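Please look over the sequence and the model before reading on. The paragraphs below go through selected parts of the two chains.

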Amino acid sequence: MSDFTIPKFRLPGFVAALGQKLPQWPHGLALIAGLNAALKLKLLPESELTALEDKRFRVQVLDTGGTAHFTYRGGLFRPVFRPEHEPDLAFAANLSAYLQLLSRQEDPDTLFFKRELEITGDTELGLIVKNMLDAVEWPALPKFLLLSR
Amino acid sequence: MSSLPDLVCPAGSLPALKAAVDNGADAVYLGYKNDTNARNFAGLNFDAKTMSEGIRYAHAKGREVLMAINTFAQAGRVADWQKAIDGAVDQGVDAIILADIGLLDYARQRHPQQRLHLSVQGSATSYEAINFCQREFGIQRTVLPRVLTLAQVEHVIKNTSVEIEVFGFGSLCVMNEGRCWLSSYACGESPNTVGACSPAKYVKWDKKPGAMETRLNGILIDRFGDDEPAGYPTLCKGRFEVQGETYYALEEPTSLNVLSILPEIIKIGVRAIKVEGRQRSPTYVTQVTRSLRAALDALKDGGERYHVKPAWQAELAKVSEGSQATLGAYSRPWR
């Protein structure tokens, strides 16, 4: 196991200013591809997935200026290119907070208490997503993501 | 010296259970994905399959699994709770944690060999109440509500042969376990009835310029500035205007942390120390279990030179609600 930990950091303001001017779909598609890969590996529980049907999500990385809009329909996560309504559920955080979450280095409630993770919209849907990700047993993640001190 | 108390850790999911076991919990506690337990949140808890896998994992490493069926059976649906008890016995859990007297009686009659614990939700704070449950239902352990001072806990221990479990770390609520209806006051649902305090469907986080508003079923319960720490969206942790002043009128968002009085807790004969937080992630379980395990192990050899290591304290402080901690009622100077 590695001793590497992800520090809390915030990218300089100009990164976000620049990021907002770039096309928003490449990182969005990467996120969606990742989610669909998790689906394919049957990592996400069926019972919770039904609650996601037709819901619209927004994941915003504040300090890169990146935003991904997507939905879950017919067993797949799909990008939403021109969102017309407010999403059902929206996450907003700096890149370091997302990395700490995904690597299970920090607890989502901790980040929320410290105001480093913002969740708005349908709170119950947010809880379903949070608990769904917590319940995933990541089998094939590269070693550097399975951090332990 | 007295032997070390068991470290009892929360498991809201299979990864959390494994995290607890791998980081030194002596026992884990868990519940089904329904309203038979007091952490009935969307997406949380175990179905029959993950539960048997979890029990297998814990038992293979010599740890215990305690099943919380700690809500009160609702009229017309008592069979659901009885079925949960039968299922827990079938799964081979080491103990069932119950609060409802009718269910304690059912478990005692139907499964006389099954070890039973009285839940904190059972609200037994006196040795008379505890001894009654021992006599009538054969309970072997009770979880004390977080309302007693250390001296009062000691007094209870001296007057009962039932094992005593106390809370050692975790989010504090208004500390009226089993008797709190504040959540029902706001949304018509509470831990005692549906297994959840302030259910998420009633919670709204409203982002305003420079502030975040928390609403519970439409009732404004708090407003945070951008740099202020947040807490759980419960009525007891809201800020209200009372006689012209706006403050935490009922309870501040805070976590219980007994690290500094751990030697005393062991000395008075507490049998198990419980960590709150089945709603938290595997990461929290890892962090808290690891710190408390290290602290307990430091007391293994009498612990005359025990001192709280800054690293344990820092790790626990980080995951605390409102990022602050308290000794709660244990050190309360008033009666």
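Helices, sheets and the contact between chains

The crossing of H3(B) and H4(B) is right-handed; a crossing has this hand if the near helix is turned clockwise from the far one by less than a right angle, and is left-handed if anticlockwise. Helices (H or I, at least four residues) and strands (E, at least two) are DSSP runs numbered from the N terminus. This is a predicted model, in which local features need pLDDT of at least 70 and side-chain atom pairs count only at pLDDT 80 or more, while totals for chains, interfaces and linings use all residues. Residues are numbered from 1 along each chain as its sequence is written, and chains are lettered from A and ligands numbered from 1 in the order in which they are written.

The two helices in question are H3 (residues 78–91) and H4 (residues 101–110) of chain B, whose axes come within 10 Å and cross at roughly 40°. Axes here are lines fitted to C-alpha atoms, for helices over the stretch in contact, and angles run from 0 to 180 degrees between N-to-C directions. The angle makes H3(B) oblique to H4(B), since angles under 35 degrees count as roughly parallel, over 145 as roughly antiparallel, 65 to 115 as roughly perpendicular and the rest as oblique. On the H3(B) side, B:Trp81, B:Gln82 and B:Ile85 meet B:Leu103, B:Tyr106 and B:Ala107 of H4(B); residues are in contact if their C-beta atoms, placed from the backbone, lie within 7 Å. Of these contact residues, five are nonpolar, one is polar and none is charged. Ala, Val, Leu, Ile, Met, Phe, Trp, Tyr, Cys and Pro count as nonpolar, Asp, Glu, Lys and Arg as charged, and the others, Gly among them, as polar.

Chain B also has an open sheet of three strands in the order E8-E9-E10, with antiparallel pairing. Two strands pair if DSSP finds at least two bridges between them. E8 and E10 (219–225) are the edge strands, each pairing on one side only. Strand E9 (residues 211–216) and E10(B) are joined over six bridges, and B:Leu216 stands opposite B:Ile219 in E10(B).

Which chain B elements take part in the contact with chain A? The contact takes 29 residues from chain B and 24 residues from chain A. Helix H1 (14–22), strand E8 (203–208), helix H10 (282–297) and helix H11 (310–319) of chain B each give two or more residues to the side that touches chain A. The largest share of that side, four residues, comes from E8(B).

In chain A, five strands form an open sheet with mixed pairing, in the order E3-E2-E1-E4-E5. E3 and E5 (117–121) stand at the edges with a single partner strand each, so one side of each is left without a neighbour in the sheet. E1 (residues 56–61) and E2 (residues 66–73) of chain A run antiparallel and are joined by six bridges. They form a hairpin with four residues between them, and A:Gly65 in the turn has a positive phi of about 75°. E1(A) runs parallel to E4(A), with five bridges.

Is A:Phe77 buried or exposed? A:Phe77 counts as buried because it has 20 C-beta neighbours inside 10 Å; the cut-offs are 20 or more for buried, 12 or fewer for exposed, and partly exposed in between, with C-beta atoms placed from the backbone. Not counting residues up to four places away in sequence, A:Phe77 touches A:Ile32, A:Leu35, A:Asn36, A:Phe70 and A:Tyr72.

Key:
Two residues are in contact if their C-beta atoms, placed from the backbone, lie within 7 Å.
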